[in-house]
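Open the view and follow along.

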Amino acid sequence: MLYIQQKLMLLILIITVVFSHPNYVESIDAENVPDQVPSPAPPVTKYVAVADDYFNDAVFIGDSRTEGFKMLSGPLNAVYLTSIGLKVDTVAVEALSEVPFKKVFIMLGINELGWVYSELFIEKYGELIDNIKKIEPQAQIYIQSILPVSRERSESDSIYNNENINKYNELIQQMAVNKNIFYLNVAECVTDEEGYLYSDASTDGIHLNKKYCDQWFEYIKTHVVFEQ
Amino acid sequence: MHKPRIIIVLILIAVMMIFTSCRNNDNDYDLNENNLDLNVSECADKLKENIPFEDTITAIDDKMGIAIYQLNTEDVAEQKVYVSTGATAEQIAVFEATDDNAAKRIETAVLQRITEQIESYQDYLPEEVPKLSDPFLMVTGKYVILCVSDHNEDVEVVLDKYYGF
């Protein structure tokens, strides 16, 4: 018995030694780890700048800020559905039935910052989008982020401040994803390093002067069409 | 003996009246509406430079000027319009109409826009309503001059100084 056991142990030992040889076992160390397939680099969106005539079949919908944009810098041949104090639930969207359009640019929200329920704002914004789609199902819809306000305004106003604006912009961005429409972060072109509207952009911290309306338009022109 | 004195006095009075009826100012325009020749752009610029507006006001494209006042293009020979950023209701609009009747139509359109702005600003920025409710609006011959600000008296001073209105 003992002789058989010894043979078995010897056999086991031999097998162990043989299969422990480097030729049979790949050592697990970093140098022998097969090269991982590199992850593809995140795609870089390359935009193509458009000219003013790109907006000949565009509609701009917005409040007093867009009204200012219209007068100071906006494309002259676009259609504007703008008014002072305009809100998501006061847009006369039926007026769009009277005009041909292929693109819609919307910026709303600053007049609703004081609403008790932000969910209501998004709900109404969503309804507006749905109504536009009913009128022109093929229209490209661009939702613009709400522009920031100045430091002075933000720090002194319990409603019109960047904390509220940023919160609304997150909701707007998510809605754009849910509705499968474009989200244009125009706010970034007029925001300083600390997240405020540039100090020389406005006399009241809210409404932009021509220089910054020009920048706003320039951002739109360089962020609406991208290379396929 | 008094008669010659009286005659001299009458002559002096007549001479004084003649001199005071003629102004010695190169900038004066003929107040006869039919002969008025106003440089519209210059007039708007003078108002912009001399009125202390609260907001930044900027000249806009003629096409936009026609659009915001909803004018008939055929009625407007020349124009210059300044608008604010939206922070206030301040504005300047100086028009040369094609004729006196066109000027009246422009005046009507301008007043309509002012009325609409009062309605909009009522809830949005009620502090702007007073200046909209009392705009400086002058129609003289084929010229229409609008200025919305808190400084109507200054507007009168400017127009008097440069144009003799």
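## A buried charge and its surroundings

Q: This is a predicted model; how far is Asp55(B) from the nearest side chain of opposite charge?
A: Asp55(B) is buried yet makes no salt bridge, and the nearest side chain of opposite charge, that of Lys131(B), is 9.2 Å away. A salt bridge here calls for a nitrogen and an oxygen within 4 Å.

Q: Which side chains are joined to Asp55(B) by a polar contact?
A: Two threonines are found here. The side chain of Thr203(A) is joined to that of Asp55(B) by a polar contact of 2.7 Å, and a polar contact of 2.7 Å also links the side chains of Asp55(B) and Thr85(B).

Q: How many residues does each chain bring to the contact between chain A and chain B?
A: Chain A gives 16 residues and chain B gives 18 residues. The area buried between chain A and chain B is about 1500 Å², with 68% of it from carbon and sulfur atoms. On the chain A side, Met71(A), Leu76(A) and Ile84(A) supply 42% of the area that chain A buries against chain B, more than any other three residues.

Q: Which residues of helix 3 of chain B are buried, and what do they pack against?
A: In helix 3 (residues 62-69) of chain B, the buried residues are Met64(B), Gly65(B), Ile66(B), Ile68(B) and Tyr69(B). They pack against helix 2 of chain A, and also against strand 2 (76-83), strand 3 (91-97), helix 4 (100-124) and strand 5 (143-148) of chain B.

Q: What is found at the start of helix 3 of chain B, and what follows this helix?
A: At its start, a side-chain oxygen of Asp61(B) comes to within 2.7 Å of the backbone nitrogen of Lys63(B). After helix 3 of chain B comes Gln70(B), with a positive phi near 55°.

Q: How should I read a positive phi?
A: Begin with the general idea: most residues other than glycine have a negative phi. Gln70(B) is not a glycine, yet its phi is positive, about 55°. Gln70(B) sits in the loop between helix 3 and strand 2 of chain B and counts as exposed, at 60% relative accessibility. Asn180(A), also not a glycine, has a positive phi of about 60°. Asn180(A) belongs to the loop between helix 5 (162-179) and strand 5 (182-184) of chain A, and is exposed, with a relative accessible area of 71%.

Q: How many salt bridges are there over all chains?
A: A search of the whole structure finds 17. In one of them, the side chains of Lys221(A) and Asp52(A) meet at 3.1 Å, N to O. Lys221(A) is in helix 6 (residues 210-221) of chain A and Asp52(A) in the loop between helix 1 (2-20) and strand 1 (58-62) of chain A, so this pair ties together parts that are 169 residues apart in sequence.

Q: What about salt bridges inside a helix?
A: An α-helix has 3.6 residues a turn, so residues three or four places apart point the same way. Lys210(A) forms a salt bridge with Asp214(A), with the closest N and O atoms 3.3 Å apart. Lys210(A) and Asp214(A) both lie in helix 6 of chain A, 4 residues apart, about one turn of the helix.

Definitions and conventions:
Residues are numbered from 1 along each chain as its sequence is written. Chains are lettered from A and ligands numbered from 1 in the order in which they are written. This is a predicted model: local features need pLDDT of at least 70, side-chain atom pairs count only at pLDDT 80 or more; totals for chains, interfaces and linings use all residues. Side-chain values use heavy atoms; hydrogens and water are left out. Buried means under 20% relative accessible area, exposed over 50%, partly exposed in between (1.4 Å probe, protein chains only). Lys and Arg count as positive and Asp and Glu as negative; His and the chain ends are not counted. A polar contact is a pair of N or O atoms within 3.5 Å; within protein, one must be able to donate a hydrogen and the other to accept it, and residues adjacent in sequence count only if both atoms are side-chain atoms. Contact means heavy atoms within 4.5 Å. Buried area is the accessible area (1.4 Å probe) that two parts lose on being put together, summed over both. Helices (H or I, at least four residues) and strands (E, at least two) are DSSP runs, numbered from the N terminus.
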